[in-house]
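Please keep the structure in view while reading.

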Amino acid sequence: KEDKLDCLVCNAGALFNDRRVNSNGQEVTFMSHLVCGSYQLTKLLLPSLQQSSANEARVVYVSSGGMYNSKFPEWEVAASSGKYESDYNGNMAYSYAKRGQVLLAERFAKDYPEVSFVSTHPGWVRTAAVDDAYGDNAKYLEPFRNLWQGTEGIAWLTATPKKNLESGAFYLDRQPQRKHIAGLFMTDGSFTKNSEKEVDVMMQKLEEFVGV
């Protein structure tokens, strides 16, 4: 058993056009990307991250440019639960979870300053998962990156000295990026922005959901 952990990369997830659930009846996209794959895993490993030597620990949430499509909505909408089950949309479920990862990095950066938290967009890489999710519409995401181009920025975030990282930032190609482009002429706008109170609710729901 290791007592310390220097880096955690949260990259697990899926995008399904049809609503799928785990053994507990919870929607898989939301759970894998955000609830269990990012929040729960981070909280469970946080004590080990805080023991990292030379104070260099960092957590990297592999988000997506898909998060630009939306703010984080009400919990039941994001989880497509209750009356929202029938309204499930795979692309929006993915967008909600990815926006949630960006918000999670921001909040954890404030709550646990001894660890660096960043989110990142690898760019659009032509993978089997993209083909399964988008089919013929994948052509609208071109030009695609190859696997190296998609992973290089993530690898840099795991290895660069902590002094080079802006905790809470959203990265692409080693550089912090804007988090909102929903306004006129690609300005930030307000459509995709969450208030602090809304993020508080998201964090409370995450804690209640997984118990940590």
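Cys10 stands opposite Tyr61 in strand β2, strands and helices here being DSSP runs numbered from the N terminus (E, at least two residues, for strands; H or I, at least four, for helices). The model is a predicted one, in which local features need pLDDT of at least 70 and side-chain atom pairs count only at pLDDT 80 or more, whereas totals for chains, interfaces and linings use all residues. Residues are numbered from 1 along each chain as its sequence is written, and side-chain values use heavy atoms, with hydrogens and water left out.

**The sheet**

Strand β1 (residues 7–10) runs parallel to β2 (residues 58–62), and four bridges join them; two strands count as paired if DSSP finds at least two bridges between them. From β1 the chain passes through helix α1 (residues 28–49) to reach β2, a β-α-β crossover that is right-handed, meaning that the path over the helix runs clockwise when the strands point away from the viewer.

Five strands make up an open sheet of mixed pairing, in the order β1-β2-β3-β4-β5. Its edge strands, β1 and β5 (175–177), each pair on one side only.

| Helix | Strands touched or crossed | Angle |
|---|---|---|
| α5 (residues 147–159) | β1, β2, β3, β4 | about 165 degrees with β2 |

**Helix α6**

The end C-alpha atoms of helix α6 (residues 196–210) are 21 Å apart, which agrees with the 21 Å that its 15 residues should span at 1.5 Å a residue, the expected span being 1.5 Å times one less than the number of residues. Val199, Met202, Met203, Leu206 and Val210 are buried in α6. On the other side of this helix, Lys197 and Glu208 are exposed. The buried residues of α6 pack against α1, α2 (75–78) and α3 (90–111). Just after α6, Gly211 adopts a positive phi of about 80 degrees.

Conventions. Buried < 20%, exposed > 50% of the residue type's maximum accessible area, 1.4 Å probe, protein only. Contact = heavy atoms within 4.5 Å. Axes fitted to C-alpha atoms, helices over the stretch in contact; angles between N-to-C directions.
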